[in-house]
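Work through the exercises below with the sequence and the 3D structure in view.

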Amino acid sequence: MAKPCYILADVHLQPDTQHPINQAFRSFLTLWASQADAIYLLGDLFEAWVGDDLGLETYAQDIGAIKALSQQGVQVFIGTGNRDFLLKKAFYRATQSQALDDISIQTIQGTDFILLHGDQLCTDDLQYQKMRRWFHNPLIQWLFLKLPKTQRNKIGQQLRAKSATYSQQKPQQIMDVSNQAVETLLNKHPNIEHLVHGHTHRPAIHHLEINEQTKTRWVLGDWRPEARILKIENGQPGLVPFNIKD
């Protein structure tokens, strides 16, 4: 029997290493991931990441736990989200993990999946998409990472505060994924049935009919307080809960 694979997102690890979310994540690595063939983390693994130099210090215990998992022979794939898009080479070296593309096609147990964080699909939120293009500009990132550590931390805190205010003021439907963006992405990959993403914190299974084909959009949950993870076992995907108490 093949080992399972897990796909998860939006853990939002906290700077406090003893935070319940951090403890739950390390428990997941020990109890579930250690028995897996591979795990895929689709962004926002961290609450904030303002540079590898700072992040590797702040999240040292969690980084060490991911590295230990990799050294056990479990394949670890990690993508970026809107909170940790500054993950760079030093992070991947420290965790011995593999980077995922912004939109990644992965074959898992013989089935192809489209994997992404999900904010790329929120195309109705024009203001957010403009900000996203700005933050993903290599020159902007290079200039930001040249700033002193204290200044980067301060800017990161300010951006998170603005994001919280922004989310409260925006209609929920604008911040959700666009059906048109989902359909466009699936049409680019007509032979792939499964699309998996996080970001919206609205775990669900959506069955879609596109060009007379049935597609499935799997939406992962965040970890506050119970995760919703995609488990693939014997080629069959399904959303499963992982509770902090597990």
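**Exercise 1. Find which helix gives the most residues to the lining of the largest pocket, and then describe that pocket.**

Solution. The helix to pick is α7, which gives the most to this lining, with 10 residues; helices are DSSP runs of H or I with at least four residues, numbered from the N terminus. Next comes the volume of the largest pocket, which is about 1,200 Å³. Of the 42 residues that line this pocket, the closest to its centre are N82, R83, Y128, M131 and S163. The elements that give two or more residues to the lining are α5 (126–135), α6 (138–145), α7 (149–169) and α8 (172–175). A pocket here is an open set of points on a 1 Å grid over the protein atoms alone, where a 1.4 Å probe fits and protein lies on both sides within 12 Å along at least five of seven lines, and lining residues have an atom within 4 Å of a point.

Before going on, note that this is a predicted model, in which local features need pLDDT of at least 70 and side-chain atom pairs count only at pLDDT 80 or more, while totals for chains, interfaces and linings use all residues. Residues are numbered from 1 along each chain as its sequence is written, and side-chain values use heavy atoms, with hydrogens and water left out.

**Exercise 2. Determine which salt bridges R132 forms, and where its partners lie.**

Solution. A salt bridge requires a side-chain nitrogen of Lys or Arg within 4 Å of a carboxyl oxygen of Asp or Glu. R132 meets D102 in this way at 3.0 Å, N to O; R132 sits in helix α5 and D102 in the loop between β4 (98–99) and β5 (103–108), 30 residues apart. R132 also pairs with D119, at 2.9 Å, and D119 belongs to the loop between β6 (111–116) and α5, 13 residues from R132.

For accessibility, buried means under 20% relative accessible area, exposed over 50% and partly exposed in between, with a 1.4 Å probe and protein chains only. R132 is therefore buried, at 13%, and D119 is buried at 2%, whereas D102 is partly exposed at 36%.

Definitions and conventions:
Grid points are joined across faces, edges and corners, and a volume is the space filled by probe spheres set on the points.
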